[in-house]
Amino acid sequence: MKKIILNQAQKDLLQEHAAKYSSNESCAMLLGIHNGEEWNVKEIFLTRNSSENSEVTFGIAPEELLQGYKLADEKNLELVAIFHSHPNSNALPSNTDKKFMKLNGDIPWIIFSGINIDFKAYVLDEEIEEIPIKIMERHFFNN
Ligand SMILES: [Zn+2]
């Protein structure tokens with residue numbers, strides 16, 4: 001079954017990043033290992049939201065994308081998910097999100113809702129489907 005694997009510290013980091021941006025959408029590149037139907041997050045690269053309409057949409061500047069890919073390369077990881085937050089709505093992909101998910105191919109997206117304090121993950125297969133997020137316990141940490 002398809003799933004995305006995060007640990008508690010990574011989840012906390014994303015939630016803090018979203019809280020720091022408060023009324024604007026926050027975003028991050030999640031680096032890790034993609035193996036069949038599992039996307040295992042190992043490293044989080046926090047990014048700035050470069051969108052002019054950052055309350056309702058997000059963008060990652062090309063320089064930051066490049067930095068993120070470079071970090072992945074150095075650590076022998078790949079981009080396994082794109083994270084962004086919805087400060088004032090549910091963790092459901094907006095129409096703009098759906099459009100960009102289609103352009104990004106099979107990379108899962110994780111959306112955090114600031115109103116429900118809830119994380120959800122989606123991947124595009126034929127259609128956009130929700131996939132479970134598995135949170136690893138702290139004692140499974142592996143640096
Ligand atoms: Zn969105």
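Which elements make a right-handed β-α-β unit here? In this predicted model, the unit consists of S4, helix H3, which covers residues 95-103, and S5.

Strand S5 is mostly covered, with 5 of its 5 residues buried. Trp109, Ile111 and Ser113 point one way from the strand, while Ile110 and Phe112 point the other way.

Let us consider the neighbours of S5. With S4, the strand pairs in the parallel sense over 5 bridges; isoleucine 110 in S5 is the bridge partner of phenylalanine 83. With S6, S5 runs antiparallel, and 5 bridges join the two. There, phenylalanine 112 has phenylalanine 119 of S6 as its bridge partner. S5 and S6 form a hairpin with 4 residues between the strands, in which isoleucine 117 takes a positive phi near 50°.

I now come to the interior. In soluble globular proteins, nonpolar side chains tend to be buried together. The largest nonpolar core of this model has 18 residues, and those touching the most other members are Ile4, Leu14, Leu30, Val41, Phe83 and Ile110. Among the elements that give two or more residues to this core are strand S1 (3-7), helix H1 (8-21), strand S4 (78-86), strand S5 (109-113) and strand S6 (118-124). Apart from this core lies another, of 17 residues, including Cys27, Leu31, Phe45 and Leu77.

Finally, which residues does isoleucine 4 touch, not counting residues up to four places away in sequence? Its contacts include Trp39, Val41, Val80, Ala81, Ile110 and Ala121, and also Pro108, Ile131 and Lys134.

Definitions and conventions
Residues numbered from 1 in each chain as written. Predicted model: local features only at pLDDT ≥ 70, side-chain atom pairs only at ≥ 80, totals over all residues. Heavy atoms only, no water. Core = buried A, V, L, I, M, F, W, Y, C linked by side-chain atoms within 4.5 Å. Buried < 20%, exposed > 50% of the residue type's maximum accessible area, 1.4 Å probe, protein only. Contact = heavy atoms within 4.5 Å. Pairing = 2+ DSSP bridges. Right-handed = clockwise from strand over helix to strand, strands pointing away.
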